[in-house]
Amino acid sequence: MNSIVLKNQDILIKKLGKIFKLKKISKFLYKKKIGIFILLLHIKAKDWPWKNQTLNNDPVKEIPLLWGIVYAPTIKNIEIVYSIHPIKCFPTNYENRNQNSKKNSIVIEKNDLGTLGGCARYYIEQSDRKYDIFEKNPLYCSIFGLPDDCFSLDFEQKMLEKLKNLKEITFWCYDKNEYISKKIEPLLKLNYMKQKFLPSVYFPFVDSPSKFLRGLFKAKDLSFLNSEPWFNQGYELIKKMDTTKENSYRYEEEAIYFIKKKLVFEAIRELLLLYNKSSFKSFKIEKTPKLINNKKEKFEKNLFYLKNKVIRDRKNNIDNFIKYNKNNFDFEKFKRSRFLVIDVEYIHVEYPKKNSNRTFNFPSIITNIIWQGVRNGIDIIINVLKLPCHFCIEKDCDAFQKKIIKFDCLAYADNLYEKQIKFLNNMLIRYEGFKMYSYGKSDFFQIEQLTNFFTNSCESPEFQRKNRKRDKRLIEIFEDLAIKGKSLNDVENDEIKKRFPTWRRKKSKINVNSRFMTRFNSRNWDLRYKEALEACLDDTISAFLFLITQQF
């Protein structure tokens, strides 16, 4: 059992001084008698892979791999008490703290840089059988769990005893799981951030404490704190100890240093969530603006006409391009493919938090170019956020004039969400091996944040794919076409024109947001709105052609 005293972390506290006030938060913890419990779980192996032998894939039990208790022993300080399971990946830790070391001692090798970490052993003992080292891959520990000779019988008990000694403190956990419910809830009172105060709807940033903090602080103020992400699962820590892989921890001292650093950063992230929990109450739709329905209908009719006009024109361009250039790329491979290229333009939305003077990005125009093979050819779909500002009866609102929209107005964005997500779902289910691309990661992050905003969950939704067992998040399915250091404009001039010298972008780039934020009652609304749709679609066409140069 070890401890970290936060007031001794001078450099860290100074770097985070803008968002993390140690004295205020320690006083908050001490007076409220609350703390945070951080738990990283793994599994205990029941069986082990063996050549020419069937592996019984029996259910396994979860075990703690690392735990941390964050509390304020005094009004002016915060302490983190923690412990790491004494497995053989940490040789000296194993020899000194794991009772199995008496029977299964390992050789500790050191050099000038430190103690060699990783799997320092000649065999594994599991279910009363020894497996020689050459019969397994170190990665098996991360997949099948800790074998008998690595598992410490008293590690869990020591954790539970420490928690019982602090029973006067009410502990908060980031999330609830089956292990905590069975093992820890009977011993002391626990609260859960996800269940108690973190927003599950009308919030674009979900999945982890680092993401939820984006709703409270600027990204640049969080960049240092988020530079050391926490482990999502225990197997990620085990994999980092596999010295046969790149970016692994080579030495025990190095590994423990970075694990401690990750733990401290995660503790601070969760402390910031807890300290600012009341701020999350504002993330809700309180008052939607009233609309003039007949004006709304007129807007939708005009928008439908504009979209179809732009789509027809650009579709003809792409069809002609493929027809006259199919000898300049691998058309046989191309015609067997099924894929989507997407581009997203966005608007700025005011945070609901009072006096924050901050905005976040929200999709406004989503252009989709789908290649469905020779028979179905190219299809283009444009989904647009229909701003209620165009047919709103409120006269005192100045948000539109500032080129932003109010948070409550996003209640009317559900139509954009439903159309785009339904379309993506249909494509993924319809075509096996369907690919999705964009130039730059920000586009598909915007799409995922759109789904987060309207999906009532603290987790990003996963999508079913044809003939695939595992569902995946959008950011795991999308592929980024971007070349580091090159804008789409650079790619148009350097890559596409070299491959297809006769190609020219239909229209030059413009400020899409200023055109999109043109009032419907303006004289030149149709012209400016059409220009916004064309500019977004032209970017998508450029990404589509760049994909052809790279993969076909």
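**Note on the predicted protein chain**

1. Serine 152 sits in the loop that joins helix H4 (140-144) to helix H5 (155-165); helices (H or I, at least four residues) and strands (E, at least two) are DSSP runs, numbered from the N terminus. The model is a predicted one, in which local features need pLDDT of at least 70, side-chain atom pairs count only at pLDDT 80 or more, and totals for chains, interfaces and linings use all residues. Residues are numbered from 1 along each chain as its sequence is written, and side-chain values use heavy atoms, with hydrogens and water left out.

2. Is serine 152 buried or exposed? Serine 152 has a relative accessible area of 2% and is therefore buried (under 20% relative accessible area, with exposed over 50% and partly exposed in between; 1.4 Å probe, protein chains only). Apart from neighbours within four places in sequence, serine 152 is in contact with His85, Pro86, Arg97, Asn98 and Gln99, where contact means heavy atoms within 4.5 Å.

3. The protein chain as a whole has 20 helices and 18 strands. Its C-alpha trace spans about 80 × 60 × 45 Å along the principal axes. Of its 552 residues, 52% count as buried. Among contacts between residues at least 6 apart in sequence, 72% join residues at least 24 apart.

4. Helix H12 (residues 293-325) consists of 33 residues. From first C-alpha to last, H12 reaches 47 Å, close to the 48 Å expected at 1.5 Å a residue; the expected span is 1.5 Å times one less than the number of residues. The buried residues of H12 include Phe299, Leu303, Leu306, Val310 and Phe321, and also Lys307 and Arg314. Against which elements do the buried residues of H12 pack? They pack against helix H13 (331-336), strand E12 (359-371), strand E13 (378-384) and helix H20 (525-551).

5. The structure holds 48 aromatic pairs (rings of Phe, Tyr and Trp, the last by its six-membered ring, with centres within 6.5 Å; planes under 30 degrees apart count as stacked, over 60 as edge-to-face and the rest as tilted). In one of them, phenylalanine 283 and tyrosine 351 have ring centres 6.1 Å apart and planes at 90 degrees, so the pair is edge-to-face. This pair links distant parts of the chain, 68 residues apart: phenylalanine 283 is in the loop between helix H11 (252-275) and H12, and tyrosine 351 is in the loop between strand E11 (339-350) and E12. Both phenylalanine 283 and tyrosine 351 are buried.
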